[in-house]
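I am opening a notebook on a structure I have not looked at before. My entries follow the order in which I looked things up.

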Amino acid sequence: PVIRREDYKPFPWLIPEIALDFDLGLSATRVVSKLTVVRNARADASPTIRLNGDGLQLQSVKVDGQPVTDWSMDGDDLMLPLSGEAHEVEIATEIDPSSNSQLMGLYASGGMLCTQCEAEGFRRITFFPDRPDVLSTYTVRMTGSKAAFPVLLSNGNKVAEGGGENGTHWAEWHDPWPKPSYLFALVAGDLVANHDSFTTMSGRDVELAIYVREGDLDRTGHAMRSLIKSMRWDEETFGREYDLDVFNIVAVSDFNMGAMENKGLNVFNTKYVLADPDTATDADFDGVEGVIAHEYFHNWSGNRITCRDWFQLSLKEGFTVLRDQLFSQDMQGEAVKRIEDVRILRSVQFPEDSGPLAHPIRPDSFREISNFYTSTIYNKGAEVIRMMRTMCGPEAFRKATDLYFERHDGEAATCEDFITAMEDGAGLDLTQFRLWYSQAGTPKVDVALSHSGDTATLTLKQNTPATPDQPGKKPMPIPLKIALFDRDSGTHSGEQLVIFSHAEQSFEFGGFASKPVLSINRGFSAPVTIERDIEGGELVFLAAKDDDSFARYEAMQDLVVRHLTAASGGGLDDADRESGREAIATAFGAILRDEALDDSMRGELVMLPSQTYLAEQQLIADPSRIHEEREGLKAWLGKRFEDELVQLHGRTSAIAFDLGQEARGARKVKTQALVYLAAGNPELASEMAATQYDAADNMTDRQGALMALTGLRTAARTDRLIDFHRRYADNELVVDKWFALQASSLHPSAIEHVKALADHPDFNIRNPNRVRSLYMAFAGNPHAFHVESGEGYRIIADLILKLDPINPQTAARFVPSLGRWRRVEPGRAALMRGELERIAEAKSLSRDTFEQVSRSLG
Ligand code: ARG
Ligand code: ZN
């Protein structure tokens with residue numbers, strides 16, 4: 001059934017309190033749940049209460065202490081008649097965590113028990129109104145074998161514990177903050193902890209602990225430091241203080257997503273907890289810092305203020321992503337972080353927004369909410385709130401967030417509540433801006449600058465393409481930061497913010513004796529596509545001189561995008577290709593030589609636009625043509641700048657390892673130099689990469705070298721791949737890298753490697769990290785995934801069919817790669833579509849996969 005936002009009705013009952021009692025066992029856990037049920041005066045009365053369930057074995061139901069039999073089942077839900085105003089309902093169920101391969105609800109992972117309840121996993125533990133607007137105070141008691149589960153954790157504070165019979169023990173936890181069921185968590189296992197503490201701004205002491213398996217303890221330091229920094233930052237930047245005496249994090253190897261913000265007990269994918277220089281790259285360190293912050297920040301944006309219904313998901317996710325982005329900017333430097341965030345947005349969210357799965361950040365309908373944990377909800381959601389911040393400025397924004405937190409604390413709120421708080425707190429008028437919440441699709445802005453007399457005129461036109469269910473769009477307010485550069489001096493007289501809110505609009509700027517060079521959407525102030533009428537020479541100018549680092553990066557990207565789009569579209573003869581490359585070389589050389597640039601930024605500026613982003617620029621793309629032209633340009637630059645690149649590699653190799661910005665920047669460009677050289681001079685690069693691999697004293701260098709090697713057909717490639725596996729065989733996160741590197745490699749036989757790796761003894765279809773490391777990497781490797789025969793599509797479709805009965809949520813995440821068929825040349829499009837049809841014909845598809853496949857077929 002399709003669920004619609006407009007159908008929202010408050011739940012007829014309140015459940016102010018719930019007491020859960022778990023008798024824990026890996027293959028049989030008994031759950032007794034006692035609910036205090038009271039009529040909701042603010043809802044229509046109902047003679048029954050609907051308690052959601054999913055795969056539960058019901059054992060008994062009592063009302064007010066008496067066994068009852070007048071209940072019935074509606075599908076998986078338990079319907080229980082209740083005659084009075086208030087009752088106590090007691091329900092006993094049994095579940096089998098060891099057979100829970102969906103990893104939703106209570107499941108077993110490496111001998112421990114853990115939970116994942118967002119969005120609708122609590123109903124797999126006990127019968128309950130599993131919706132975010134029913135808030136209850138939880139008391140949790142659990143009993144289990146002391147040997148198997150020495151550590152027993154749940155939300156809130158531990159209030160009692162003790163020993164039991166037959167080698168059991170028990171613990172009782174109480175969470176004073178009312179919360180929806182999706183924030184419930186329980187962990188039981190043989191775990192060790194890194195303990196620390198934090199004193200909040202009002203002077204309360206909080207005990208912090210990060211729980212991991214025995215051997216992983218020495219890789220938790222970075223996560224703990226990140227947590228402490230996050231807690232301090234949220235006090236300083238948003239005035240948010242932590243509100244319990246303990247904050248626990250548990251790392252789990254089998255996890256569908258990145259992590260989960262359960263109140264006082266965050267559960268994490270090990271990937272976002274464990275890091276040390278030998279096994280984690282600089283990017284992995286950043287991932288840990290960012291996700292730890294994200295989950296911690298949810299304590300206010302998500303937990304203290306939660307969502308009324310799942311259509312409001314971006315209320316907590318978009319806002320929390322913005323908060324974690326601002327935090328990471330403060331930790332690592334704004335310029336590079338902003339470019340990284342935009343790169344993710346454009347390579348994942350833009351394609352989503354222009355394809356069959358496009359949806360507004362506040363969707364109108366869905367079948368399976370798990371399918372809406374998307375880049376649109378998260379990343380575009382963050383951009384939309386960032387625009388409000390840009391329009392009112394950081395101080396007014398802080399006033400508005402203070403108002404939001406104060407006004408809605410303890411509530412299940414809506415996106416509309418957030419917007420209203422922004423209006424009231426920051427003095428913005430967001431009447432038209434609300435369209436950003438209801439309209440899907442990435443607006444396209446056409447930009448032209450003309451000049452006459454001493455006036456420059458900026459003319460803007462906007463258009464948002466049609467998306468499923470939304471044929472016509474209205475103009476939206478688009479905040480664009482601009483600067484007008486004087487050609488001779490290379491300077492401008494100040495950045496300005498233009499709010500562009502009509503279909504077409506002009507803005508005049510006086511005082512320009514000659515035509516200035518326009519820098520627009522500086523800092524990526526709006527999540528739109530800019531089509532600018534600008535000469536190549538002006539892009540070279542901006543790539544060398546723009547003082548906004550994002551705009552500088554963008555000028556370089558634009559230069560390359562224009563060239564590769566023309567070249568792969570078949571519109572360039574040899575002479576034009578040559579002159580296009582020369583223009584790029586001018587800017588590329590200037591960037592390599594610019595001594596004022598730090599290496600981190602240099603690394604961003606020399607990065608070629610991704611193939612996905614390039615494909616996105618064309619209505620119908622030919623993946624192999626784009627790949628050829630992109631690799632061709634890379635090889636040409638690699639040859640053209642061979643000496644400089646070798647020199648750059650030498651200079652940066654001499655910088656000793658540490659986690660500071662300078663050394664990190666050096667590592668980034670070091671590997672980039674190898675990547676260009678691997679394209680331009682494979683023999684030389686193979687030797688250099690092998691040397692870098694052997695000399696590496698950290699994972700960034702070692703993985704970077706191995707990445708360059710995996711694309712080459714040299715003996716060094718095979719040797720180092722074998723070495724890497726042997727060296728890290730007992731570290732599952734590094735073995736994941738080993739799979740991913742091969743699946744994403746430029747090696748001509750990458751698809752054969754993927755098929756072989758699927759049979760490798762280390763491959764395990766039940767572990768989401770391993771599945772993603774092989775198959776997500778493969779689906780994102782255009783030359784392998786898009787082989788003309790269609791074999792790549794078949795491999796992904798086979799995976800979806802095989803994985804769907806095991807873990808539907810993860811299976812459905814692979815559908816979008818096939819769903820792009822309308823934007824691919826006709827031969828491949830038919831093959832992709834054919835695979836989607838084959839999946840659609842399968843018997844008993846999960847709701848997750850069914851929804852994604854049917855939307856993709858349209
Ligand atoms: N709320 C979590 C986060 O953003 C994501 C959990 C989603 N889980 C799921 N099974 N859909 O950090
Ligand atoms: Zn989140």
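**Loops and backbone**

I began with the loop between β11 (112-116) and β12 (136-145), where Ala119 is found. Helices (H or I, at least four residues) and strands (E, at least two) are DSSP runs, numbered from the N terminus. The peptide bond from Glu118 to Ala119 is cis, and its omega is near 0°.

Before going on, I noted that this is a predicted model, in which local features need pLDDT of at least 70, side-chain atom pairs count only at pLDDT 80 or more, and totals for chains, interfaces and linings use all residues. Residues are numbered from 1 along each chain as its sequence is written, while chains are lettered from A and ligands numbered from 1 in the order in which they are written.

Next I looked up positive phi values. Asp469 has one of about 70°, although it is not a glycine. I found Asp469 in the loop between β26 (455-463) and β27 (478-485). Is Asp469 buried or exposed? Asp469 counts as exposed because it has 11 C-beta neighbours inside 10 Å. My cut-offs: a residue is buried if 20 or more other C-beta atoms lie within 10 Å of its own, exposed if 12 or fewer, and partly exposed in between, with C-beta atoms placed from the backbone.

Asn521 is another residue other than glycine with a positive phi, near 55°. Asn521 belongs to the loop between β30 (517-520) and β31 (529-532). Asn521 is buried, because 24 other C-beta atoms lie within 10 Å.

**Ligand 1**

Which residues are closest to ligand 1? I listed Glu118, Asn256, Met257, Ser370 and Tyr373 as the closest of the 15 residues that surround ligand 1. A residue is near a molecule or strand if its C-beta atom, placed from the backbone, lies within 6 Å of it. Glu118 also takes part in the cis peptide bond to Ala119.

I then sorted the shell by residue class. It divides into five nonpolar, six polar and four charged residues. Here Ala, Val, Leu, Ile, Met, Phe, Trp, Tyr, Cys and Pro count as nonpolar, Asp, Glu, Lys and Arg as charged, and the others, Gly among them, as polar. β20 (259-260) and α2 (282-297) each supply at least two residues of this shell.

**Helices**

From the shell I followed α2 to helix α3 (residues 313-332). Their axes come within 9 Å and cross at roughly 135°. That makes α2 oblique to α3. Axes are lines fitted to C-alpha atoms, for helices over the stretch in contact, and angles run from 0 to 180 degrees between N-to-C directions. Angles under 35 degrees count as roughly parallel, over 145 as roughly antiparallel, 65 to 115 as roughly perpendicular and the rest as oblique.

I also checked Gln703, in helix α18 (residues 699-710). Gln703 counts as buried because it has 25 C-beta neighbours inside 10 Å. Gln703 and Gly650 are 53 residues apart in sequence, and their C-alpha atoms are 18 Å apart in space.

**Strands and sheets**

I turned to pairing, where two strands pair if DSSP finds at least two bridges between them. β12 pairs with strand β15 (residues 168-179) in the antiparallel sense over nine bridges. Ser145 has Thr168 in β15 as its bridge partner. Strand β14 (residues 157-163) is also antiparallel to β15, joined by six bridges. Glu161 stands opposite Ala171 in β15. β14 and β15 form a hairpin with four residues between them, and Asn166 in the turn has a positive phi of about 50°.

What joins β2 to β3? I found a hairpin of five residues. Strands β2 (residues 13-23) and β3 (residues 29-39) run antiparallel, with nine bridges. Asp23 stands opposite Arg30 in β3. β2 also pairs with β12, in the parallel sense, over seven bridges.

Last, I traced two open sheets. One has five strands in the order β17-β18-β19-β21-β20, with mixed pairing. Its edge strands are β17 (192-199) and β20, each pairing on one side only. The other has four strands in the order β10-β11-β16-β13, with antiparallel pairing. There the edge strands are β10 (105-109) and β13 (151-154). The twist in this sheet averages 20° from one strand to the next.
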